[in-house]
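Here is a short report on one protein chain. Look at the model first, then read on.

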Amino acid sequence: MKKWILVAVAVFFTVLTLLLGLGLWGYQQLQQYSRSALVLDMPQELQLEHGTSYHRLGQELQQRGLLQYDWRWKLLGKWQPQLTAIRSGLYEINPGDTPLSLLTKLVAGDEKRFSFTLVEGKTVKEWQQYLQQLPHLRMDPQPFITVLQQQGDTSAKPEGKFFPDTYQYRAGTDVSSLLTQSYQMMQQQLQTIWNGRDQGLPLETPYQLLILASIIEKETGKADERSLISAVFINRLRKGMRLQTDPTVIYGMGDAFDGNITRKDLQQETPFNTYRIQGLPPTPIAAPGKESLLAAAHPADVKYLYFVSRNDGSHVFSETLAEHNRAVDRYQRRRK
């Protein structure tokens with residue numbers, strides 16, 4: 001009797017040892033599997049439709065050749081059931097991702113992020129053409145006008161009213177939601193800068209400051225020149241002189257502009273031809289950045305009335321027409 005019991009105990013411990021060993025081996029295999037890098041050399045997008053199951057995901061990953069869908073994938077879901085609560089969306093699988101890190105991303109809903117930049121000095125038309133080329137973004141036929149209407153602006157004149165910046169989005173985002181952020185940011189920046197503007201400027205409204213800032217933005221990209229450019233235009237406005245700035249002419253020409261401005265173009269009657277009209281054009285001619293807005297609100301304390309390009313991105317500033325003509329002779333006429 002005792003011998004039988006001893007045999008039974010020996011068999012029990014032998015089986016137990018085998019089971020523990022098998023369990024340990026399985027655990028080690030599972031740990032290695034869950035932390036091994038997926039097989040890919042470059043990022044891939046993964047679109048999870050609503051209702052995609054944990055097991056269907058494993059099958060798709062195998063079809064892509066990223067991992068083996070076997071007992072380890074199934075056991076991983078049973079061992080950590082929280083990893084099976086994956087969310088729909090568009091994700092990015094990156095080199096170095098493991099089954100565990102990928103599942104953690106899918107459970108958290110950490111979808112792929114995209115970004116775009118609305119660049120200073122561009123027009124709404126140029127921005128819209130750019131936005132239409134972006135991936136996974138829902139586009140309205142006239143998104144800028146749509147946002148204006150949603151914000152209570154019935155002017156149908158979106159130019160300059162959206163703040164240039166970088167914006168992030170997820171797949172399927174409606175561009176209007178991002179442009180709403182841009183519009184509201186511009187309104188906030190414009191009002192703050194208008195409230196802090198220098199006193200005595202020949203500008204009656206924040207919108208006029210926005211128009212002037214857009215011209216400054218188009219005239220120079222040099223940070224140390226913006227306040228000087230602003231001073232020229234402010235001084236000319238005070239004296240009742242025409243602004244005579246080429247970027248406004250180009251904007252008024254629209255698609256007719258071929259890269260050159262002729263004498264005939266300067267004589268053309270358009271609302272934006274500041275060689276023909278008094279004061280500011282009726283709308284901005286591009287999107288000004290914050291620095292141009294600040295320059296419009298705080299022009300340099302100088303008496304300059306003219307400037308001409310040196311053809312290297314910088315300008316020569318003059319107080320008198322005689323000085324200006326000499327600068328034009330040196331940097332423009334002789335160049336031709």
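How many nonpolar, polar and charged residues does the lining of the largest pocket have? The lining has 15 nonpolar, 11 polar and 8 charged residues. Nonpolar here covers Ala, Val, Leu, Ile, Met, Phe, Trp, Tyr, Cys and Pro; charged covers Asp, Glu, Lys and Arg; the others, Gly among them, are polar.

## About the model

This is a predicted model, where local features need pLDDT of at least 70, side-chain atom pairs count only at pLDDT 80 or more, and totals for chains, interfaces and linings use all residues. Residues are numbered from 1 along each chain as its sequence is written, and side-chain values use heavy atoms, with hydrogens and water left out.

## The whole chain

The protein chain has 13 helices and 8 strands. These are DSSP runs, numbered from the N terminus: helices are H or I with at least four residues, strands are E with at least two. The radius of gyration is 33 Å, well over the 20 Å that the globule rule gives for 336 residues, so the chain is more spread out than a compact globule. That radius is taken over C-alpha atoms, and the rule is 2.2 Å times the number of residues to the power 0.38. Along its principal axes, the C-alpha trace spans about 125 × 40 × 40 Å.

Of the 336 residues, 43% count as buried (under 20% relative accessible area, with a 1.4 Å probe and protein chains only).

## The largest pocket

The largest pocket has a volume of about 1,300 Å³. A pocket is an open set of points on a 1 Å grid over the protein atoms alone, where a 1.4 Å probe fits, with protein on both sides within 12 Å along at least five of seven lines; lining residues have an atom within 4 Å of a point. Points are joined across faces, edges and corners, and the volume is the space filled by probe spheres set on them.

The lining has 34 residues, and the closest to the pocket's centre are Asp-246, Leu-266, Tyr-275, Val-308 and His-324. Helix α13 gives the largest share, 6 residues.

## The second largest pocket

This pocket has a volume of about 380 Å³. Of its 13 lining residues, the closest to the centre are Thr-123, Glu-126, Ile-250, Tyr-251 and Gly-254. Both α5 (124–131) and α10 give two or more residues to the lining.

## A buried serine

Ser-230 lies in helix α9. Is Ser-230 buried or exposed? Ser-230 is buried, with a relative accessible area of 0%.

How values were computed: Buried < 20%, exposed > 50% of the residue type's maximum accessible area, 1.4 Å probe, protein only.
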